[in-house]
Amino acid sequence: QSRLTTLLGVVAWVLAPDPCHAEAAPPAWPVRANISMPLGSTWGREKLEGFTWGFRPALLAYPTSNGRGVGAGAYAEYLIDARTHTMWSYGAIASAPVVSFDAFDLRVGGFVGVRGSGEGDDEARRLALGALTELVLPAYLYDFRVGLRLDGTFDDRGMSATSLLLELDVIAVLGLLAYASAGAR
């Protein structure tokens, strides 16, 4: 009887969740999405007129055990200006943490992809190449991001456009707008 009680006690102790783990946040998933809103300016031969804005969804995989190391994946982007000129791109993106804190990482990275114009008969494909730095807060299946990006568009005559864009997380922006509108009664 006492051996059975001891054995059941050991099994219960091994299988029971550790109270320390219950207080800690669960680890981030190894694959996370993000939708950012780039805001800034584009200039060059193929400049977008005035203020540039758009949307940039990305999906990155983090193969490290904590889900916060080097990340690599794919992105797509749609940029538009004040006169409704558009550019789109898609390709590969990668980033790595430079400094990690408890809740967020300061990351640097780059991307490469294909860029095209949404202007009528312009079927030419260009190379999009850029560098970024961002503050990232991983949250399960999503990365909240704010960052700065410099990118170039290259065609057969060299660099055709350069963009300097502030990237804001769309979900965070929508949340702030909802919060502000709820308080503005």
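The lining of the largest cavity divides into 7 nonpolar, 5 polar and 5 charged residues, where Ala, Val, Leu, Ile, Met, Phe, Trp, Tyr, Cys and Pro count as nonpolar, Asp, Glu, Lys and Arg as charged, and the others, Gly among them, as polar. A cavity here is a set of points, on a 1 Å grid over the protein atoms alone, where a 1.4 Å probe fits but cannot get out, and lining residues have an atom within 4 Å of a point. This is a predicted model, in which local features need pLDDT of at least 70 and side-chain atom pairs count only at pLDDT 80 or more, while totals for chains, interfaces and linings use all residues. Residues are numbered from 1 along each chain as its sequence is written, and side-chain values use heavy atoms, with hydrogens and water left out.

The count comes to 1 cavity of 30 Å³ or more, and the volume of the largest cavity is about 150 Å³, a volume being the space filled by probe spheres set on the grid points, which are joined across faces, edges and corners. Of the 17 residues that line the largest cavity, R56, I93, E134, R145 and E167 lie nearest its centre. Strands (DSSP runs of E, at least two residues, numbered from the N terminus) contribute to this lining, with β1 (31–43), β2 (51–61), β4 (86–100), β6 and β7 each supplying at least two residues, and β7 giving the most, with 5 residues.

Among the residues nearest the centre of the cavity are E134 and R145, whose side chains meet in a salt bridge with an N to O distance of 2.3 Å, a salt bridge being a side-chain nitrogen of Lys or Arg within 4 Å of a carboxyl oxygen of Asp or Glu. Because E134 lies in strand β6 (residues 126–139) and R145 in strand β7, this pair ties together parts that are 11 residues apart in sequence. Both E134 and R145 are buried, that is, under 20% relative accessible area with a 1.4 Å probe and protein chains only.

E167 forms a salt bridge with R149, the closest N and O atoms being 2.4 Å apart. E167 lies in strand β8 (residues 158–169) and R149 in strand β7, so the pair ties together parts that are 18 residues apart in sequence. The side chains of R115 and D151 also meet in a salt bridge (3.4 Å, N to O), linking strand β5 (residues 105–117) with strand β7 (residues 142–155) across 36 residues. These two pairs belong to a network of salt bridges that links R56, E77, R115, R149, D151 and E167.

Methods:
Helix = DSSP H or I, 4+ residues; strand = E, 2+ residues; numbered from the N terminus. Buried < 20%, exposed > 50% of the residue type's maximum accessible area, 1.4 Å probe, protein only. 1 Å grid on protein atoms, 1.4 Å probe; cavity = no way out; pocket = protein on both sides within 12 Å on 5 of 7 lines; lining within 4 Å.
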